[in-house]
Amino acid sequence: MKKAYPYPILAGEVALAADKVWVDNIPLSLNLVSESERVIALHAIKRDWEEIRIKISVSVDADELADGTWVSPVCLAVVRNRRTNVRLSFPLKYQERGRWSGEVELRRGEHVGRCEIDAWIAARVDGVEGRLIGRAERRWSADFEAKQPTRQRSVKMLWRNFVDHPQLNEFRDDPWILDAEAGEPILYLNSSLEGFRAVLDNASTPEQKLVRELMATQIAGEVWTAMFNTALYASAVERGEPQWPGGWHEDVLRRMLPDFFPETSPDEALVDLVGRRTAGESGSDMHARLMHAVTVHSKKQKTVASTVRALARPANTGDEA
């Protein structure tokens, strides 16, 4: 669902594509560029590089572009890196039949983590210059930490002795803790708890496997909850437009928001939730929705159902005997 504007805008899709990628004029393998995921994975670059160039194209319905009331439409590629606070724009050249093309440049000193590549189409409308009449439906990401071109990442897990670890000693009685402040979230598991690692890593009996599954689900639920809350507080809304936080924060939000509001677009859902947060609402409805989304992503329903069946089997066997 598109936002309503007080002037005419393009109703059709604004399609953004990344056609080629060069690293210091050397072509990047196509295996590291995913059209479906809209991601360019750049972690595989094993040498110091100075500049990455990405050839992009933007296309709209040519008839709609020609028949609109706007004048002199232009297209810009916009690159934003939230971690370095860099925002750059690159004018694209109009080709024909509603299509623009050009290149964006990513310089090494300006980017870390992940940057977002967007496309804006602006024109003179009702005598006003520079009005936004179209924006890419699906943006691209250039990810400097991704080995594979995918938006879905796994959480890094590390075993640590919390008693001996200076940063984790405060939580020495906790079985696990999530560091969600790092560039990527890290789940620390407490190896100082007797038998804890054996159950998670070396479960062999049916009982141990059952306990392991329950623990894994509990850990996953707490991790999703912590990541979502951190990601939501990293988000903002400016003049009614959601400001996606980028990186893993954005990944988490885009994966979970459809389970919060199934009939609402992710943009609208983010505006709603950030508005509730800043308004200081009690949060009871949001908490219930969060519990549902966490249940879905931690696969809690499946674990609970299988656990109940496993516990019922010995009882049924005893009744039959």
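In helix H6, the buried residues include Met286, Leu290, Ala293, Val294, Thr295 and His297. Buried means under 20% relative accessible area, exposed means over 50%, and partly exposed lies in between, with a 1.4 Å probe and protein chains only. Helices (H or I, at least four residues) and strands (E, at least two) are DSSP runs, numbered from the N terminus. This is a predicted model, in which local features need pLDDT of at least 70 and side-chain atom pairs count only at pLDDT 80 or more, while totals for chains, interfaces and linings use all residues. Residues are numbered from 1 along each chain as its sequence is written, and side-chain values use heavy atoms, with hydrogens and water left out.

How far apart are the end C-alpha atoms of H6? They are 20 Å apart. The expected span of a helix is 1.5 Å times one less than its number of residues. Just after H6 comes lysine 299, with a positive phi of about 60 degrees.

Positive phi turns up elsewhere too. Most residues other than glycine have a negative phi, and most peptide bonds are trans. Aspartate 24 is not a glycine, yet its phi is positive, at about 50 degrees. It sits in the loop between strand E1 (15–23) and E2. Its relative accessibility is 26%, so aspartate 24 counts as partly exposed. Serine 72, also not a glycine, has a positive phi of about 55 degrees. Serine 72 belongs to strand E6 (residues 71–81).

Now follow the strands into an open sheet. Five strands form it, in the order E2-E1-E5-E9-E8, and the pairing is antiparallel. Strand E2 (26–27) and strand E8 (93–94) stand at its edges. Each has a single partner strand, so one side of each lacks a neighbour in the sheet. Two strands pair if DSSP finds at least two bridges between them. E8 and strand E9 (residues 99–107) are joined by two bridges and run antiparallel. Here lysine 93 has serine 101 in E9 as its bridge partner.

Another open sheet has three strands, in the order E13-E15-E14, with mixed pairing. Which strands stand at the edges? They are strand E13 (156–160) and strand E14 (176–179), each with a single partner strand, so one side of each is left without a neighbour in the sheet. Neighbouring strands of this sheet are turned by 25 degrees against each other on average, direction ignored. Strands of a sheet pair through backbone hydrogen bonds, either parallel or antiparallel. Five bridges join E13 to E15, and these two run parallel. Lysine 156 has isoleucine 186 in E15 as its bridge partner. Four bridges join E14 to strand E15 (residues 186–190), and this pair runs antiparallel. Across that pair, leucine 178 stands opposite leucine 187, and isoleucine 177 stands opposite tyrosine 188.

Stay with E15 for a moment. Ile186, Tyr188 and Asn190 point one way, while Leu187 and Leu189 point the other way. Five of the five residues of E15 are buried, so this strand is largely enclosed by the rest of the structure.

A helix covers part of this sheet. H3 lies across E14 and E15, and runs at about 25 degrees to E14. Axes are lines fitted to C-alpha atoms, for helices over the stretch in contact, and angles run from 0 to 180 degrees between N-to-C directions. Contact means heavy atoms within 4.5 Å.

H3 also meets another helix. Two packed helices are described by the angle between their axes and the distance between the axes. The axes of helix H3 (residues 206–233) and helix H4 (residues 247–260) come within 9 Å and cross at roughly 105 degrees. H3 and H4 are therefore roughly perpendicular to each other. Angles of 65 to 115 degrees count as roughly perpendicular, under 35 as roughly parallel, over 145 as roughly antiparallel and the rest as oblique. Among the residues that meet are Trp224 and Phe228 in H3, and Trp248 and Phe260 in H4.

Last come the cysteines. A disulfide is a covalent bond between the sulfur atoms of two cysteines. In the model, it is a pair of cysteine sulfur atoms within 2.5 Å. The structure holds zero disulfides. Cysteine 75 is in none, and the nearest cysteine sulfur, that of cysteine 115, is 17 Å away. That distance is too far for a bond. Cysteine 75 is buried, at 2% relative accessible area. Cysteine 115 also counts as buried, at 1% relative accessibility.
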